[in-house]
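Open the model in your viewer and keep the selection tool at hand. The tour goes from one stop to the next.

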Amino acid sequence: MSTHHRTIAHVRAYTVTGGGADYHDQGADHWIDDHISTPMSVYPEYADSRQSFGLNVLGTLMVELEADDGTVGFAVSTGGDLGAWIVEKHLARFLEGARVTDIERIWDQMYRSTLFYGRRGIVLNTISAVDLALYDLLGRLRQEPVYSLLGGPVREELTMYATGARPDIAKDLGFIGGKMPLHHGPADGEEGMDQNIALLADMRERVGDDFWLMYDCWMSLDVDYATRLAHRAHDHGLRWLEEALIPDDYWGYQQLRRNAPKGMLITTGEHEATRWGFRQLLEMGCADIIQPDVGWCGGITELLKISALADAHGAMVVPHGSSVYSYHFVVTRTNSPFSEFLMMHPTAEEIVPMFSPMLIGEPVPENGKIRVPDTPGFGVEFNPEIARSRPFTH
Ligand SMILES: C[C@H](O)[C@H](O)[C@@H](O)C(O)C(=O)O
Ligand SMILES: [Mg+2]
């Protein structure tokens, strides 16, 4: 029977804790939780650790789809119990019995049916996970990698930059640039601002003039602070300033991009979702690079639309994290010239797979490049040694 006639027989949603797709859920003493500037830094009791205000409360959501011939596709995103409930109690009805190839209709039904409580956030993370699982299933049924389903690769391998505390080590590992978390925001005053600049200056000294350095501000600044930071950081060759403001402040981003020194890129979109959210960013001229996370913005089905919109606006699309799910997309688009690799080693000194230890076969950069797996679907398997639970059924 051709794939076109295959239907989805079973939908199952599992949750997993301890790293993986919820990569912020790490142990103690990890660089990713070490006094990073956040929107909660205005409250001193939550300034030292993001886990202290609950960044890791969600956990990983794993969606498994089984076709009527027993073929199983899966995907993971951030979503935990809440996502599992949405899949089992609400979205499963649009999947079971539907044709595996009806991806567009399924997305539309998931989106429309959840509008009264959805639109973005956890609901879009969940819709994304289902959509990615559908692509994985379709790839496995057709025995093709997902990038082939998307029109095929436009390049042989991906060029990667690293996000972590040690751009100097990232340079030695062959990455094209290093993005550091910003440690101090407005609540830390001018002293904090000086420390931000001192760290950047120190890194610039270590990596030389040609290596890209970026600051990830994780939604924690205001326009005035971000503008001043951008101008001081420009003296040290900062390539881009990322997610300086809260995602809802489109007007602030518009102003910041106007204020930024010539040559410095303003980037955002990691916590934005759907073609409509990105339309707002693009039409208002908020960013030079948009950074949708394919596990949060609506999945591949939505990222295709977001990417086309961005292309027409002359903006690059450099997806946030999301491992194989973004690699298969990025390799098919000319307006996504490079990719992010999140350094999940506790001190960012070694390369470990981004969603480690959850996936088997997850590719890692070698000399700063990734070859996207050509095995069916996204080319990864769920690690059977990882405990998962199924909190709800239907
Ligand atoms: C390093 C940042 O604070 C975040 O943890 C990370 O998720 C991010 O924003 C990124 O762009 O990778
Ligand atoms: Mg970021």
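Helices (H or I, at least four residues) and strands (E, at least two) are DSSP runs, numbered from the N terminus. This is a predicted model, in which local features need pLDDT of at least 70, side-chain atom pairs count only at pLDDT 80 or more, and totals for chains, interfaces and linings use all residues; side-chain values use heavy atoms, with hydrogens and water left out. Residues are numbered from 1 along each chain as its sequence is written, while chains are lettered from A and ligands numbered from 1 in the order in which they are written.

Select ligand 1. Around it are 14 residues (near: a heavy atom within 4 Å). Tyr23, His24, Lys179, Glu270 and Glu340 are the closest. By class, the shell holds five nonpolar residues, three polar and six charged.

Now show the side chains of glutamate 270, glutamate 242 and histidine 320. A polar side-chain atom of glutamate 270 is 2.7 Å from an oxygen atom of ligand 1. For glutamate 242, the distance from a side-chain N or O atom to a ligand 1 oxygen is 2.8 Å. For histidine 320, the corresponding distance is 3.1 Å. How much of ligand 1 does the protein bury? Alone, the ligand exposes 320 Å², and the protein buries 100% of that (Shrake-Rupley method, 1.4 Å probe).

Next, select the magnesium ion, ligand 2. Its protein donors (N, O or S atoms within 2.8 Å of the metal, or 3.2 Å for Na, K and Ca) are Asp216, Glu242 and Glu270, at 2.0 to 2.1 Å. Glutamate 242 belongs to strand E7 (residues 238–242) and glutamate 270 to the loop between strand E8 (265–268) and helix H9 (274–283), so the pair ties together parts 28 residues apart in sequence.

Two backbone stops remain. Select serine 356 and proline 357: a cis peptide bond joins them, with omega about 5°. Proline 357 is in the loop between strand E11 (339–342) and strand E12 (359–360). Last, select aspartate 29, in the loop between strand E1 (8–16) and strand E2 (60–67). Aspartate 29 is not a glycine, yet its phi is positive, about 60°.

Methods: A polar contact is a pair of N or O atoms within 3.5 Å; within protein, one must be able to donate a hydrogen and the other to accept it, and residues adjacent in sequence count only if both atoms are side-chain atoms. Ala, Val, Leu, Ile, Met, Phe, Trp, Tyr, Cys and Pro count as nonpolar, Asp, Glu, Lys and Arg as charged, and the others, Gly among them, as polar.
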